[in-house]
Amino acid sequence: MYPHRRTSAAVLGALLLAPAVLAGCTSTGDDEPAASSPAATTTAPPEAQPIDWTDCSEQIDPIIEGRAGADRDLSFECGTTDVPVSYADPEGGTLQLVLVRGVLAGQTDRIGSLQVNPGGPGQSATDAAVQAALTLPTDVLARFDVVGVDPRGVGLSTPVECIGDEQKDEILAEDPRALDEASLEESFGRVDAAADGCAEKYGAALGAFSTVDAARDMDLVRQSLGDEQLTYLGYSYGTTLGSTYAELFPDRVRALVLDGAVDPDAGPQERAEAQAQAFEAAFDAFAANCTGLMGGCPLGGDPRGFLNDRLAQAAAGPIPSSRAGETREATPGLVLQAVRSALYQPSAWPQLAQALAAAGEGDSAGVLTLADTYTGRTDDGTYTNVIDANVAVSCADTEEQFTRDQVQQLAADWNGTYPLFGADAARSLYACTPWEAPRTPLPVRDAEGSAPILVIGTQGDPVTPAAGAVDMATQLLSGTLLTWEGNGHTAYPKTDCVTGAVNAYLIDLAVPADGTTCPA
């Protein structure tokens, strides 16, 4: 699976647009969307459909109250539009996309819309649009409306929902470093059962949720918004979506910012190993920061040793939680999910240290909170569809599969080389093996004929290692590389150097020199 960009808790959920979601897809004659076809389209491309906008400021304002940026003079609209299920048969069924548009009052010299995507695949772009309206520089908001479109199958856009909450609890609670035959067979069986359930519910329709089709949707939305060309800000998997758009529609690119690039040259195995290595390095950076604190590190002088003790503690007997109403206890799998969650951003490192220290005292409440932020589990024990969508999109995008024997051997090898995250990274490679759906592999992306594209990498990114940005900027013929020497997942708008370069590019199309480096 692709890495996803860790975001804040859902802003919209079903509160605003449940009727639109229930409308689902139309004109197929079935309850679920029909199967999508490969990348090729008919000679008569589909026409963009109008967006049905409604003012939803009154619903969003109470949700964002008290958050940084909530004092901005913003208005929000929520909308829906239809796109073809299959671009090879645009007269066939349609499915519904859900959008949110944020506008800062007092815009001058408006350029157009800035479409944003936070990654995943599976993270909500409608949530991302609200967050962007609160956090992006006002220089950008003064020139652009911010628009988030949940891609097909994601969030509120005809969401893929086929893996049960109890199934997710069981999968996530597994000890990924338990590599004995019985544990692995049980783990593989859970993945098989999830895939079987999705195939039973959707059948070949699971192939409709590919990135290629999502990129085609994005162009129809661009037309519906009235933009002659696309201006786009994509993070993590959003760089895959953005670069796919550039490959399909190079002449329609105005400006693309691809931040935290997923390596287009790496296959699933290479990408999984690179991420395991990067998370190990990120934990070491966290540990060095913690032990360097003037007030002392809550985990003592050896944070890695402390974490290994907590993993052994959880393996011997899951750690209970003091959170009211919580029935779960923290297993080794949930402890590692919490660690991975916090390593996305250095701002979460203090929370991780406190959570692990509390776990050492027998209370896993902080660990479970971090883990749930990462996996999309809500307070009532249900999940968003981020996991379902992540698997559906990832597996629609690749034909590569791994046998149980291959995964077992890689898990054993990587567990020795990357002792915290290696086995889990290897086991994730099995996710698409039992997945029954048509595949639409990602195209080679050089985007010949495109306007300049800005690719950003972060030296200490644990999720999308910086080498991926180098490869993407090289592969894109008009790609320009900007590197931030910081830690955490993605860079914009965290530092003045990166922010200034991106703002100038988005607004004035001023491209920084290729290879520009911004200090931490």
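Two strands pair if DSSP finds at least two bridges between them. Helices (H or I, at least four residues) and strands (E, at least two) are DSSP runs, numbered from the N terminus. Keep both ideas in mind for this tour.

Before you start clicking: this is a predicted model, where local features need pLDDT of at least 70, side-chain atom pairs count only at pLDDT 80 or more, and totals for chains, interfaces and linings use all residues. Residues are numbered from 1 along each chain as its sequence is written, and side-chain values use heavy atoms, with hydrogens and water left out.

**Stop 1: confidence.** Colour the model by pLDDT, the predictor's confidence in each residue, from 0 to 100. The protein's mean is 91, and 92% of its residues reach 70 or more. Now select residues 1–42, where pLDDT stays under 50.

**Stop 2: the sheet.** Show the strands next. An open sheet is formed by 10 strands in the order E1-E2-E3-E5-E4-E6-E7-E8-E9-E10, with mixed pairing. Its edge strands, E1 (52–55) and E10 (516–518), each pair on one side only. From one strand to the next, the twist averages 20°.

Zoom in on E3 (residues 94–104) and E5 (residues 144–149), which pair in the antiparallel sense over four bridges. Which residue in E5 is the bridge partner of Arg101? Select Val147 to see that partner.

**Stop 3: two helices.** Select H9 (residues 268–291) and H10 (residues 303–316). They pack at an angle of about 115°, with axes 9 Å apart. Axes are lines fitted to C-alpha atoms, for helices over the stretch in contact, and angles run from 0 to 180 degrees between N-to-C directions. That angle makes H9 roughly perpendicular to H10 (65 to 115 degrees).

**Stop 4: Tyr245.** Look for Tyr245 in helix H8 (residues 237–248). Is Tyr245 buried or exposed? Its relative accessibility is 0%, so Tyr245 counts as buried (under 20% relative accessible area, with a 1.4 Å probe and protein chains only). Leaving aside neighbours within four places in sequence, its contacts include Ala215, Met218 and Arg222.

**Stop 5: Thr499.** Finish in helix H18 (residues 496–508), where Thr499 lies. Thr499 counts as buried because its relative accessibility is 12%. Not counting residues up to four places away in sequence, Thr499 touches Pro137, Tyr492, Pro493 and Lys494.

Note on methods:
Angles under 35 degrees count as roughly parallel, over 145 as roughly antiparallel, 65 to 115 as roughly perpendicular and the rest as oblique. Contact means heavy atoms within 4.5 Å. Buried means under 20% relative accessible area, exposed over 50%, partly exposed in between (1.4 Å probe, protein chains only).
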